[in-house]
Amino acid sequence: MMMTEEEEQEDLVAMQFTPDPYVNQDKWDLVLQGEFILYEIHVPNEQIEETMGMFCKIDFSLHQQNPNQYPVYSDLVGSSEHCMNHPVEFKLNDIAKAARQYDNDHRGIMHSPTPKGFIFHQPHAGASLLANSIMAGSPETTRVVSQSNIIGPIFNIQHDSEQKQIQAFQDAVYMLGRSVSTTAKTMENFYLREPPSSTVHLSKVRQAFPQAKWVFLYRDPNVILSKTIQAAHERRACAFKNRRNPLKGLQAYVQNKNTNKKVTDLTDEQVCSAWLGLLLSAAKEEYEEDISTGRLVNYDTEMTLEDGIMGVLGFLNVSKNMSEQDLNDAMERINDQRQKKANGTPFEGHITWDKTLDATTEEDVSEEVANANAEYVQADMKEWKL
């Protein structure tokens, strides 16, 4: 029998997808049982009560074994055929409420640990290195979710209740951290590395998880801004996006420097430098509120030194309760991570602890970059003696 044109079209569409191994199973139950994990949220019409969660089958062991090859969460999600072809969607507050009840009824089988720490950062300031080092410290019992992009969609909404936003964020984090306990070691260490712009919402993250440690990584702004301006996609994301729709607080930050200027008046270098300054300012403000849970980390003086990175890991409780042998083993795995780029390929030559991984010389810094930083982020750093 000849197929109709419509049937042929449907057949072609079907051929683009792999068979669904869970086709006849209850998807709600699969989420509750921990088979499917949250990978994305979206907020329809900016109504926080209607926040939807997307779930699919994710193999976290890939990240445990090779964190460099999966530097951000979307890389891990992209490796899953199920995530690409057969994700499922549920209302976030409904599924989170059901999951908490399920986990309470199945203690010892399902759990979601409270996050031990959050990583906030400027770009090119060692966040990937720190996230990979955390994972390498104790891979069998650790989950690090890098740049899941749950903070922005929730907290960028200006008109909604702050408490509703915090609850939605707690729900999303809970669903990201769920795991099945097995006869092997239980996942105990849960960390989240957030996108740079999420730093402006640090105060709300602290409200949601007041006991969690957090760090903010910063670096010589001439290095960061030079790299950002040279990378076309980063330049667009930083300059064009913030000029069209400024990040919360950016306009006020710019006018605090010069009351006659608006973000739309600035060059690309100035917009991005002001953005870097805003991130640092937000982190410094929260740090001064409570120095016991937060830490400002200078990449150049801490992340390139063995004692420095161990100090940061210790602050985040990564190395807590480790024996001397465990620490030695962890440092060997961490040093192995330092030899590789974010895509898993090795650097040329052996990277020693006193060697910066991607040095930028003064010759690489343009006059536009230097002048923009002198007006914005570098001016703040000098004032704050950072």
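## Helix H7 and its crossing with H16

A crossing of two helices is right-handed if the near helix is turned clockwise from the far one by less than a right angle, and left-handed if the turn is anticlockwise. With that in hand, let's look at this predicted model, starting with helix H7, residues 127–137. H7 passes H16 in a right-handed crossing.

H16 covers residues 306–315, and the two helices pack at about 65° with their axes 11 Å apart. Angles of 65 to 115 degrees count as roughly perpendicular, so H7 is roughly perpendicular to H16. Which residues of H7 and H16 make the contact? On the H7 side they are Leu129, Leu130, Ser133 and Ile134, and on the H16 side Ile309, Val312 and Leu313. Sorted by class, that contact has six nonpolar residues, one polar and no charged.

## H7 again, this time with H17

H7 also crosses helix H17, residues 324–338. Here the axes come within 8 Å and the angle is roughly 145°. This crossing, too, is right-handed.

From H7, the residues that meet H17 are Leu129, Asn132, Ser133, Ala136 and Gly137. Their counterparts in H17 are Ala330, Arg333, Ile334, Gln337 and Arg338. How does the contact of H7 with H17 divide by class? It has four nonpolar residues, four polar and two charged.

## Two loop residues with positive phi

Most residues other than glycine have a negative phi. His124 isn't a glycine, yet its phi is positive, at about 60°. You'll find His124 in the loop between strand E5 (117–121) and H7. Is His124 buried or partly exposed? Its relative accessibility is 28%, so His124 counts as partly exposed.

Gln147 is another case: its phi is positive, near 55°, and it is a residue other than glycine. Gln147 sits in the loop between strand E6 (142–146) and helix H8 (151–155). With a relative accessible area of 25%, Gln147 is partly exposed.

Now for strand E9, residues 213–218, where six of the six residues are buried. In a regular strand the side chains alternate between the two faces of the sheet. For E9, both faces are covered. Lys213, Val215 and Leu217 lie on one side, while Trp214, Phe216 and Tyr218 lie on the other, and all are buried.

His121 stands opposite Leu217 of E9. Five bridges also join E9 to strand E10 (residues 294–298), again running parallel. There, Tyr218 has Asn298 in E10 as its bridge partner.

Elsewhere, three strands make an open antiparallel sheet in the order E1-E2-E3. Which strands are at the edges? They are E1 (37–42) and E3 (88–91), each of which pairs on one side only. From one strand to the next, the twist averages 35°.

E1 and strand E2, residues 52–56, are antiparallel partners over five bridges. Ile37 stands opposite Cys56 in E2. As for the helices, H6 (residues 92–105) lies across E1, E2 and E3, and it runs at about 90° to E3. Helix H9 (residues 162–176) packs on the sheet as well, touching E1 and E2, and its direction makes about 150° with that of E1.

How values were computed. Residues numbered from 1 in each chain as written. Predicted model: local features only at pLDDT ≥ 70, side-chain atom pairs only at ≥ 80, totals over all residues. Heavy atoms only, no water. Axes fitted to C-alpha atoms, helices over the stretch in contact; angles between N-to-C directions. Helix = DSSP H or I, 4+ residues; strand = E, 2+ residues; numbered from the N terminus. Parallel < 35°, antiparallel > 145°, perpendicular 65-115°, else oblique. Contact = heavy atoms within 4.5 Å. Nonpolar A, V, L, I, M, F, W, Y, C, P; charged D, E, K, R; others polar. Buried < 20%, exposed > 50% of the residue type's maximum accessible area, 1.4 Å probe, protein only. Pairing = 2+ DSSP bridges.
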